[in-house]
Amino acid sequence: QLVGEVLPFIQREFGGAACPELTALGGSSFGGIATLAACMRHPGVWGSALVESPSLWFAEEKFLKEDLKQYTGPWPQYMYVGMGTKEFTGTRLKELQAAKQLEAGQAADKLVAGYVPALQEMLQAQGLGKDRLVCEVEEGAAHTESAWAGRLPHALQHLTRTWWAPVFKHNAANLYFTVPRKLRAGGDMLLFLNQARSSTLASAAAVQLHLGFNNWCPGLGLVKQVMTPALQAAAG
């Protein structure tokens, strides 16, 4: 369903990319295992994979010790694996203290955090070098959405670092282009202006856009944006 229904829906309704280089999949907890499994079951579909706090303890570690170990197919070009050092105790500290089970909880923390270097070693042996694979064990981080959100910017910086290059290349002859290509009323969008295609824009340090809906309406919307160094580097 993910490949046969969800991806085509995203491509059709939101202008999602059809090429693997611009397609990513990610998940946390059991979703982390699901992400790894989807990459193994559908190799070549995903260009990047985000794996947060994967539940590798599941089924007595069978997925880690058997399925992943025996896999010989290709992996996405870029992968990020994140985990915290307090995945177990971070969300149940009071309960463990009350039950005098804190030591057991800390042992579980150590076990879970240890999955990352084990997974890293396995993926590296299967061809993912340091330029393709980033693994992070965050000190003090728990099994929570806030922990995953905190690591997300770093993860995206790695996973999407090549995304803009083909987009800029494809639109090199255009004065402007939007992302997504197919705009929807009320939806978010990105507008890119190509300074290289305009003598007026070439010397501009910033651009002001007066936006309207269906009819131009001064004052309805005003956006001022300076081109970021990250996009300048990608465009260059």
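Which residues of α3 are buried? In this predicted model, the buried residues of the helix are Glu61, Phe63, Leu64 and Leu68. Their directions cover an arc of only 125° around the axis, which puts them on the same side of α3. Glu60, Lys65 and Gln70, by contrast, are exposed residues on the face turned away from that buried side. The buried residues pack against α2, α5 (102-113) and α6. As for the length of α3, its 13 residues should span 18 Å at 1.5 Å a residue, and the end C-alpha atoms, 17 Å apart, agree with this.

Leaving aside residues up to four places away in sequence, Phe63 touches Ile33, Leu36, Ala37, Met40, Leu56 and Leu68.

Elsewhere in the chain, Asn174 sits in the loop between α8 (164-170) and β5 (176-179). With a relative accessibility of 31%, Asn174 counts as partly exposed. The side chain of Asn174 makes a polar contact, at 2.9 Å, with the side chain of Asn171. Beyond four places in sequence, Asn174 touches Asn194 and Arg197. Asn174 and Asn194 are 20 residues apart along the chain, and their C-alpha atoms are separated by 6.9 Å.

Key:
Residues numbered from 1 in each chain as written. Predicted model: local features only at pLDDT ≥ 70, side-chain atom pairs only at ≥ 80, totals over all residues. Heavy atoms only, no water. Contact = heavy atoms within 4.5 Å. Helix = DSSP H or I, 4+ residues; strand = E, 2+ residues; numbered from the N terminus. Expected span 1.5 Å × (residues − 1). Buried < 20%, exposed > 50% of the residue type's maximum accessible area, 1.4 Å probe, protein only. Arc of directions from axis to C-beta. Polar contact = N/O pair within 3.5 Å; in protein donor to acceptor, adjacent residues only side chain to side chain.
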